[in-house]
Amino acid sequence: MKEPGLDGRHRDKDGEISRKHGNTLVGTLRKIYGKSFAAGYSDADKLSDVLIQLNETSLSQLRRDHGTGHLEHKLKEASN
């Protein structure tokens with residue numbers, strides 16, 4: 001979950017996801033990951049509001065795509 005920073009500190013990947021993509025709506029992410037993404041939340045909820053409470057499946061999908069650099073591209077595709 002954490003990686004060493006340049007100065008030896010660790011950075012929280014989930015915090016980075018929230019900062020970069022926090023305004024993304026759950027409905028947009030469901031277009032990418034399916035209807036079960038962030039189950040129990042409204043399509044109108046923002047990622048930053050639900051990120052800390054996501055189940056492991058939804059969270060691991062986000063972390064994987066963010067880590068590989070694919071999340072930004074997938075969000076652009078889903079927004080079209």
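1. Arg64 is partly exposed, at 48% relative accessibility. In this predicted model, Arg64 forms a salt bridge with Asp65, with 3.5 Å between the closest N and O atoms. Asp65, in contrast, is buried, at 3% relative accessibility. Asp65 also meets the side chain of Lys74 in a salt bridge (2.9 Å, N to O), and Lys74 is partly exposed at 29%.

2. The structure holds three salt bridges. One of them pairs the side chains of Asp43 and Arg30 (2.4 Å, N to O). This pair links distant parts of the chain, 13 residues apart: Asp43 sits in the loop between α2 and α3, and Arg30 in helix α2. Asp43 is partly exposed, with a relative accessible area of 44%, whereas Arg30 counts as buried because its relative accessibility is 16%, below the 20% limit.

3. On the fold as a whole, the protein chain has five helices and two strands, in the order β-β-α-α-α-α-α along the sequence. Of its 80 residues, 34% count as buried. Among contacts with a separation of 6 or more, 43% are between residues 24 or more positions apart. The accessible surface is about 5,300 Å², and carbon and sulfur atoms hold 48% of it.

4. The largest nonpolar core has 14 residues, and those touching the most other members are Leu29, Tyr33, Phe37, Leu47, Leu51, Leu54 and Leu62. Two or more residues each come from α2 (26-33), α3 (47-50), α4 (56-68) and α5 (71-79). The largest share, three residues, is that of α2.

5. Ser58 belongs to helix α4. Ser58 counts as buried because its relative accessibility is 2%. Not counting residues up to four places away in sequence, Ser58 touches Ser36, Phe37 and Ala38.

6. On confidence, the mean pLDDT of the protein chain is 85, and 84% of its residues reach 70 or more. Helix α2 has the highest mean, 96, and strand β1 (residues 2-4) the lowest, 47. The pLDDT is below 50 over residues 1-11, a stretch that has 15 contacts in the model beyond near neighbours in sequence.

How values were computed
Residues numbered from 1 in each chain as written. Heavy atoms only, no water. Core = buried A, V, L, I, M, F, W, Y, C linked by side-chain atoms within 4.5 Å. Buried < 20%, exposed > 50% of the residue type's maximum accessible area, 1.4 Å probe, protein only. Helix = DSSP H or I, 4+ residues; strand = E, 2+ residues; numbered from the N terminus. Contact = heavy atoms within 4.5 Å. Areas by Shrake-Rupley, 256 points an atom, 1.4 Å probe, with all protein chains shown as cover. pLDDT = per-residue confidence, 0-100. Salt bridge = Lys/Arg side-chain N within 4 Å of Asp/Glu carboxyl O.
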